[in-house]
Structure formats: structure tokens, C-alpha cells
Amino acid sequence: MTNMSETHEALIQQAVGILKNARSVAALTGAGISTRSGIPDFRSPESGLWDHVDPMDVATITAFKQNPQAFFDWIRPLVQHIFRAEPNAAHRALADLEKYGPLKGIITQNIDVLHTRAGSQNIYEVHGHLRDATCMQCLETYATDLVLDKYLLNGDVPRCPACRGVLKPNVILFGEILPITILNRARRLTQECDVMIVAGSSLEVAPAGDLPMLAKFAGAKVIIVNYAETHLDDLADVVIHADVTEVLPRLAAGFLPGA
Ligand SMILES: [Zn+2]
């Protein structure tokens, strides 16, 4: 660990101390935890997803039903990145913190399934996920890696093998209701934890972005690890503006077997 400043070192030690005294830890993750896996934050200009199209024109549930081809054309670069991506050190650190430490669950805004692939067990995907897709016509569900091949290759709208209906990935589109059961469990985890780690989320998107405040009001300590500032930095007990793939492994290190 060479490029961590002394300030960062002190903050990491402070965060480790808080985690060592915790019984129940919740993590909240956003796009920033996956950027080092090669998945651009689709809200950022670098994603290219805003260049030619306003997502509000293609990625609402109404737009999807009217013109699925436009939606699939728009999201294809992101899906291609996701299908090429591997979990990184930050995903693995959270899996370790759950297996060996006090982490009880991960609430994520990401649809990329990298927490699952890193070995995490208790995951609340509040914006859905790309793991499977549902037929809009017969409601049959399919694993995306079985039905997205042709789409990823040449952009064809993925269709149900049984009835040829349009397949909608199980992600939450704009204008869709968030999965209420998952959201309620995420809120319960938040209210019951004594520490919440925010990793790679700018906390700009509600309702997940409001959870650290809920945790704080319920008496928990909040640790924020994010490259950029967030509007809840002032509320947090420890704020580390650094790369999540460098900081999270340090937080998990003390809990590993033999540590
Ligand atoms: Zn079907």
C-alpha cells in the first residue's frame, strides 16, 4: 500500500477500530464499487450513455414497452461491459467481511451481480439485477447468460424461446416501482446495524441514498468510502475519499483467518 496518504492511513485505522467493536454491519454499494471492474457509472459522462439519448426517452417502463429496440440499443454498451467484468478487490473484501467478520448484508444499487460472483451471500439488489430476464408476454424467467448471446453480438432484441415475447431484464426501469420486499428488508438491516459502510455510492439516488441517514438516526456509525464527496459526508463518522479497491481490503484484513 504505497499511494495511501498518512491521512488516509489514520482514517483507515479509525474505521477498523469501529468495525472491530461492531456486532452488526450493513454495507451500501453503488456504481463506484464496480468502476475498477471496467463498468462505467451509467450516470457519468464517461459511460457514453448520455451522449446521444436521454435515458428518460428510452429507459422508462413505458418507453420500453413501446420501443424495446431503442432501450436495448441504448443499454447495450453497459451490458457488454457488465458481461465482460470480473469482481474486484472491493467486492471480494465485502464477501470476506461477511464470511469472517460482522457484515450482515449488502444493499446495492448495482445491477451487475458482481457481489454475488465475489461470494457474498446476503445481498439486497434494490434496483434489480441482470442475472435473469422475464418474458413480457408469458412471464417465464430465463437466466440472461442463456438468452442474451445474440443481443450482445448483434443487438437483436432478446426474445422468449417459448413464445417470442420480448424479454425484459430484471432491472428496475425509470418509472417502475422498486421491489418493496427487498427494500423493506434493506431498511430493516439498516435500522438494526450498528455500523453502515457506504462504498462507491455518491448517495444521489433515493431511496438507497437516504439509508445512511436512517442508520445514523437509529444510532449506527457511518463509514463512507467514496472517491468523490457525498452530501452525507458531514453526517458520517469516518469519510475516506479514496479508491474502494484499496480501502475495503484494508478494512477486511483484520477479520481474515490468521490475522
Ligand atoms: Zn414468453
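Select strands β4 and β5: they run antiparallel and are joined by 3 bridges. Strands here, like helices, are DSSP runs numbered from the N terminus (E, at least two residues, for a strand; H or I, at least four, for a helix). Two strands count as paired if DSSP finds at least two bridges between them. For one of these bridges, click on T134 and look across to its partner in β5, T141.

Before going on, a word on what you are looking at. This is a predicted model, where local features need pLDDT of at least 70 and side-chain atom pairs count only at pLDDT 80 or more, while totals for chains, interfaces and linings use all residues. Residues are numbered from 1 along each chain as its sequence is written, and side-chain values use heavy atoms, with hydrogens and water left out.

The 3 strands make an open sheet, ordered β5-β4-β6, with antiparallel pairing. β5 (141-143) and β6 sit at the edges, each pairing on one side only. From one strand to the next, the twist averages 40°; such angles run from 0 to 180 degrees between N-to-C directions, using axes that are lines fitted to C-alpha atoms (for helices, over the stretch in contact).

## Second stop: the zinc ion

Which atoms hold the zinc ion as protein donors? Show C135, C138, C160 and C163: their SG atoms are the donors, 2.2 to 2.4 Å from the ion. (A donor is an N, O or S atom within 2.8 Å of the metal, or 3.2 Å for Na, K and Ca; water is not among the atoms, so sites may look incomplete.) Along the chain, these donors follow the spacing C-x2-C-x21-C-x2-C. The site is tetrahedral, with angles of 96 to 119° among the 4 donor atoms; for four donors, that label requires all angles to lie between 85 and 135 degrees. For comparison, the ideal angle for four tetrahedral donors is 109.5 degrees.

Are they buried or exposed? C135 has 0% relative accessibility, so it counts as buried, whereas C163, at 26%, counts as partly exposed. The cut-offs are under 20% relative accessible area for buried, over 50% for exposed, and partly exposed in between (1.4 Å probe, protein chains only).

Stay in the loop between α8 and β6 and pick D156. D156 is partly exposed, with a relative accessible area of 34%. Leaving out residues up to four places away in sequence, D156 touches K150 and Y151, where contact means heavy atoms within 4.5 Å. Now find F72: it is 84 residues from D156 along the chain, yet their C-alpha atoms are separated by 8.2 Å.

Zoom in on β2 (residues 103-108): 5 of its 6 residues are buried, so the strand is largely enclosed by the rest of the structure. β2 pairs with β1 (residues 25-29) in the parallel sense over 5 bridges, and T108 in β2 is the bridge partner of T29. β2 also runs parallel to β3 (residues 123-125), with 3 bridges between them; there, I106 is partnered by I123.

## Last stop: helix α11, then zoom out

Select α11 (residues 244-253), a mostly covered helix with 7 of its 10 residues buried. Among the buried ones are V244, V247 and L251. The buried residues of α11 pack against elements including α1 (6-20), α5 (89-100) and β8 (221-225).

Finally, show the whole chain, with its 11 helices and 9 strands. Buried residues make up 54% of its 259 residues.

Conventions: Tetrahedral: all angles 85-135°; square planar, octahedral: opposite > 155°, others 65-115°.
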